[in-house]
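Please find below a briefing on the structure shown here, grouped by topic and intended for a reader concerned with computed geometry.

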Protein chains: 2
Amino acid sequence: MYNFEYKNPVKIIFGKDSIPKVADEIPQHSKILMIYGGGSIKSNGVYQQVKDALQGFELHEFGGIEPNPHYETCMKAIEMVKYEKVDFLLSVGGGSVLDATKFIAAGALYGGQDPWDFMKHRYEIEVQEALPIGAVLTLPATGSEMNGTTVITRVSTQEKMAFGSPLVMPQFSILDPKCVFSLPDRQVANGFADAFVHVIEQYLTFPVNSPLQDRFAEGILLTLIEEGPKVLANRNDYDAAANFMWSATMALNGLIGAGVPQDWATHMIGHELTAFHGIDHARTLAIVLPGMMHIRRDSKKEKLLQYGERIWNIKQGSDDQRIDQAIQKTVEFFNSLGIPCTLPEYDVPKETIGKITERFKTRDSKLGENKDISYKEVETILEDRL
Amino acid sequence: MYNFEYKNPVKIIFGKDSIPKVADEIPQHSKILMIYGGGSIKSNGVYQQVKDALQGFELHEFGGIEPNPHYETCMKAIEMVKYEKVDFLLSVGGGSVLDATKFIAAGALYGGQDPWDFMKHRYEIEVQEALPIGAVLTLPATGSEMNGTTVITRVSTQEKMAFGSPLVMPQFSILDPKCVFSLPDRQVANGFADAFVHVIEQYLTFPVNSPLQDRFAEGILLTLIEEGPKVLANRNDYDAAANFMWSATMALNGLIGAGVPQDWATHMIGHELTAFHGIDHARTLAIVLPGMMHIRRDSKKEKLLQYGERIWNIKQGSDDQRIDQAIQKTVEFFNSLGIPCTLPEYDVPKETIGKITERFKTRDSKLGENKDISYKEVETILEDRL
């Protein structure tokens, strides 16, 4: 196991009918900006529950955060924060709304010219202060409710980039699994795929003798595989929804990644597919991951075999055959959720591969747990997905 | 899954040679009281590492905290805290030292007559403030390094009681697995048994459809079973020591118990064995647990069968046979650590059962996840251990 530091002070309030507790978690006399997305919270009743709970607070609203939230939209929210002198941000929605909220929280107090600096100069410019954030989570998927990471898309330049800071971790996150009841199939499927790949990025690397982290990671994968069909079959299955929601949170709150190598190359490549073609984040991961497993089968060999055996019960055949089976099982899992795993199924033309490869070449990026995936391997991985 | 709230802001600093980082975690100009036990930290070098790191701080010392730390000793430390106007407590040792530190932290700022009130009136009197605590953990076992619970023994009345408060959670805990290298067999064995039973108390109850919590709990149990023999065979196996240490922390930081029923009857009964006979805490658990499993085999049936299958690979036989095998395997595990599981092996006379039973009768306690273990069942459980 590697040395590590771990601290996660987010307060989780989990369970049915827990949304009204939001009022107890926000300091009295706060001037709140409630941030949300496209209005689904109005049709499913969450908007009204929050409004009812927060009577007595000065409450402003900013709606219209997109999936893969836009820098340009966040900048408008930052203007509103400054104008209204808001001092608490409440995200009501899924991971996109929360990611936007994190960017707004840090951007509103940034002393520099442009908060995009946090993305562009991620390793030079650190967040120094941020407005406090609370979250009412309506969609299990990104894990953003219990971490300090945000991913934002800049439309004008077709860039999708991330930054992280403990200062943008939510003070609290309210997780009511009943929010799952009103989700469309597509968002449920995306949530399962997203959480699944979050685990894989922290697990499918190389062994460092960390049996507990491995078992926690495998525990999340197995639970997602079990609960996925249940949630898709019956949206009102509370237990399945709750297990889905808690698994998605645990998939990316830092715990399973503490003390072990991490990959994240699938995410980095996937972000480019979203940037160029607007494909749902989770679906880009389902496209890239099988290629990553295939092309990196040597450097990931031991963990791929362990993954095959412990997750899919694959114990027969040569190493290569077992790895092929593990990849096949992974594809079948995504397909069973209704998520295709090849580029043509999303009408992505071959030329996109060149464009994406060029980006990684320009940035001179080295991805993966060994920092040895250059633009050439990116090209090979994407060609595998044609 | 039950509704739950979970918040654990303890900063974990984990890994080899991490002790000098203590200096970065304590606020400048702090007046520190370093609290420790019987002096093993002097022979293994930890004491000197901490002293070296904290040059420049005003550093006071209070040594001599006992295993099963005494209220009477803590009260002397509280006097010293007040006299020296200490404003930061640093625990350097195992769970007993840290538990004492927690009691001292709350007791020093208590407005009432006697901080024993926190134990005696646990559900009426809450801790309102406490001095900040840091920890350098030298012995994996109790999990005290990542929770807000403390257990203290009052010698004069032969009472061993607990209280909990988020205010006594450490600000940080430094976990250097190399501290395991100098531990005697007995402390290693106790650490494994203690962590094992902590998991069992949160796992071996009744099913509430919480597959992720179950798998995390099982992951800790399996890791403890794997790593136990390694640590006992080779005290300098760093990886085994690290996996032991991290497992013990995860066993009792609230995570696996979030959203599920909890038992703790084994602990409550075990505390009495320590109170009357001074038996090591972990060993009292190893005595009581097999009796608990046996006597509660009906109410715990589903989880006992799951435990048998997933932890010990027991799949054959009738339910009762499988449960018997699971109990047998548990006893064999404790025995393999060098820990006996019956009362006569500790020279506990039969009369002690009467005394302990009488205590639970007087208190009118109802223990266990169903709150249905009265003094009568306590008697039956202890008689099973003769």
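Strand β1(B) is joined to strand β8 (residues 172-175) of chain B by 4 bridges, and the two run parallel. Two strands are taken to pair if DSSP finds at least two bridges between them; helices (H or I, at least four residues) and strands (E, at least two) are DSSP runs, numbered from the N terminus. Within this pairing, the bridge partner of Ile13(B) in β8(B) is Ile174(B).

This is a predicted model, in which local features need pLDDT of at least 70 and side-chain atom pairs count only at pLDDT 80 or more, while totals for chains, interfaces and linings use all residues. Residues are numbered from 1 along each chain as its sequence is written, with chains lettered from A and ligands numbered from 1 in the order in which they are written.

**Strand pairing between the chains**

- Strand β1 (residues 4-14) of chain B is also joined to β1(A), by 7 bridges, and these two strands run antiparallel.
- Asn8(A) has Asn8(B) as its bridge partner in β1(B).
- Ile12(A) has Tyr6(B) as its bridge partner in β1(B).
- Glu5(B) is found in strand β1 of chain B and, leaving aside its neighbours within four places in sequence, is in contact (C-beta atoms, placed from the backbone, within 7 Å) with Lys11(A), Ile12(A) and Ile13(A).
- Glu5(B) is partly exposed, because 16 other C-beta atoms lie within 10 Å; a residue is buried if 20 or more other C-beta atoms lie within 10 Å of its own, exposed if 12 or fewer, and partly exposed in between, with C-beta atoms placed from the backbone.
- The C-alpha atoms of Glu5(B) and Ala108(B) are separated by 29 Å, the two residues being 103 residues apart along the chain.

**The contact between chains A and B**

- Chain A and chain B each give 32 residues to the contact.
- On the side of chain A that touches chain B, the elements giving two or more residues are β1 (4-14), α8 (211-233) and α9 (238-251) of chain A.
- The largest share of that side, 10 residues, comes from β1(A).
- By class, the side of chain A that touches chain B has 15 nonpolar, 10 polar and 7 charged residues. Here Ala, Val, Leu, Ile, Met, Phe, Trp, Tyr, Cys and Pro count as nonpolar, Asp, Glu, Lys and Arg as charged, and the others, Gly among them, as polar.

**Relation of the two copies**

- The same surface serves both copies, since 100% of the contact residues of chain A recur in chain B.

**Fold and dimensions of chain A**

- Chain A has 15 helices and 8 strands.
- The radius of gyration of chain A is 20 Å, close to the 21 Å that the globule rule gives for 386 residues, so chain A is as compact as a globular protein of that length. The radius is taken over C-alpha atoms, and the rule is 2.2 Å times the number of residues to the power 0.38.
- The C-alpha atoms of chain A fill a box of roughly 65 × 45 × 45 Å along the principal axes.
- Of the contacts in chain A with a separation of 6 or more, 79% are between residues 24 or more positions apart.

**Burial and the nonpolar core**

- Buried residues make up 53% of the 386 residues in chain A.
- The largest nonpolar core has 252 residues, and those with the most contacts inside it are Ile35(A) and Ile35(B). Such a core is a set of buried Ala, Val, Leu, Ile, Met, Phe, Trp, Tyr and Cys residues joined through C-beta atoms within 7 Å.
- Leaving aside neighbours within four places in sequence, Ile35(A) is in contact with residues including Phe62(A), Leu89(A), Val97(A) and Ile104(A).
- Ile78(A) is in helix α4 (residues 71-84) of chain A and counts as buried, because it has 20 C-beta neighbours inside 10 Å.
- With neighbours within four places in sequence again left aside, Ile78(A) is in contact with Ile104(A), Gly107(A) and Ala108(A).

Key:
Two residues are in contact if their C-beta atoms, placed from the backbone, lie within 7 Å.
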